[in-house]
Amino acid sequence: MTVQESYSVASNPVYHNQSPLHVLFAGESQTKPLHIVGPKIYDYYLLHYVESGRGLFRTEQHTYELGKGSCFLIHPSRLVSYASDESDPWRYRWTAFTGNEAKELVESAGFVGGQSVLFTGGESLIPSSINRIADAFYSKKESADMAALGYLYLIFSEAREILTSEIPLTGTESQVQRTVKQMIHYLSAQYAHPVSIEQMCESLGYNRAYLSRIFKKETGMSPVTYLLKLRIDKSRQLLRERPELSIEQVAASVGLTDALYFSRQFKRLCGQSPSHYRALVAESPSSLHDCLY
């Protein structure tokens with residue numbers, strides 16, 4: 001069967017030289033049999049998604065036989081080559097990106113320790129996301145750059161879900177420690193809302209008694225106490241830095257809608273009322289002492 005070769009690419013119409021993360025271009029290609037790229041190096045990251053067919057991807061350390069549903073990520077400054085199969089040449093989509101935050105993005109997704117390939121199983125949002133990046137670039141709109149970043153994050157979100165599920169927990173971090181980290185991240189993100197520990201447990205999918213037990217074992221305090229101290233710490237910062245806010249507004253800003261309850265808890269933990277604390281800040285910031293915890 002004769003394969004009709006095709007190639008198209010769309011470049012980002014917007015370029016920010018100092019952007020921490022920037023999508024350069026996106027495209028697609030139906031390759032001809034034994035189509036070879038490289039060996040060569042790139043100065044940006046380049047992610048390919050194989051939609052059909054087969055081929056080989058070679059790095060300096062490994063050779064991978066890849067097919068439909070596979071991704072391969074080319075890292076900058078690494079010598080690579082890739083070639084389509086003789087009888088079933090691959091069709092793939094790709095996108096390239098760069099920036100100071102690019103390395104952090106790919107490593108956070110699990111592309112570490114020489115990891116360069118990803119197997120999606122065929123059910124994936126990656127090809128449609130790459131296609132949407134290209135469509136955004138073809139539109140030539142000023143918003144194309146921002147849209148492309150959104151789709152890039154979706155791509156690496158899926159990669160992270162797949163790759164991190166394949167990595168066993170190491171001895172340096174147990175499942176308990178990871179769960180407690182999730183709890184701390186949740187509380188740190190939600191403290192400004194009237195969130196409850198029950199809501200957190202439901203969000204994380206664990207029993208409250210279990211979460212409370214492991215949290216106290218790891219941190220030395222209950223989740224309720226941790227959340228309250230987090231809110232009080234944030235309120236102290238607001239009292240110091242935002243003198244125009246009322247006590248009620250400070251309380252609401254840290255997720256405590258009852259200003260009287262906030263004031264009582266603040267005095268219990270800091271030994272003085274919020275208004276007294278603010279007055280001391282105005283008089284002599286160096287004379288302030290930490291709260292009683």
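Which residues are buried in α7? They are P223, L227, L228, K229, L230, R231, I232, S235, R236 and L239, where buried means under 20% relative accessible area, exposed over 50%, and partly exposed in between, with a 1.4 Å probe and protein chains only.

Before going on, the basis. This is a predicted model, in which local features need pLDDT of at least 70, side-chain atom pairs count only at pLDDT 80 or more, and totals for chains, interfaces and linings use all residues. Residues are numbered from 1 along each chain as its sequence is written, and side-chain values use heavy atoms, with hydrogens and water left out. Helices are DSSP runs (H or I, at least four residues), numbered from the N terminus.

Back to α7. Its buried residues pack against α4, α5 (197-204), α6 (208-219), α8 (247-253), α9 (259-270) and α10 (274-283), contact meaning heavy atoms within 4.5 Å.

Take one of those partners. Helix α4 (residues 175-190) packs on α7 (residues 223-241) at an angle of about 40°, and the axes are 10 Å apart. Axes here are lines fitted to C-alpha atoms over the stretch in contact, with angles from 0 to 180 degrees between N-to-C directions. That makes α4 oblique to α7; under 35 degrees counts as roughly parallel, over 145 as roughly antiparallel, 65 to 115 as roughly perpendicular, and the rest as oblique.

Which residues meet there? From α4 come M183, I184, L187 and S188, and from α7 come P223, Y226, L227 and L230.

Finally, elsewhere in the chain, A147 sits in helix α3 (residues 144-166). A147 is partly exposed, because its relative accessible area is 30%.

How values were computed
Helices (H or I, at least four residues) and strands (E, at least two) are DSSP runs, numbered from the N terminus.
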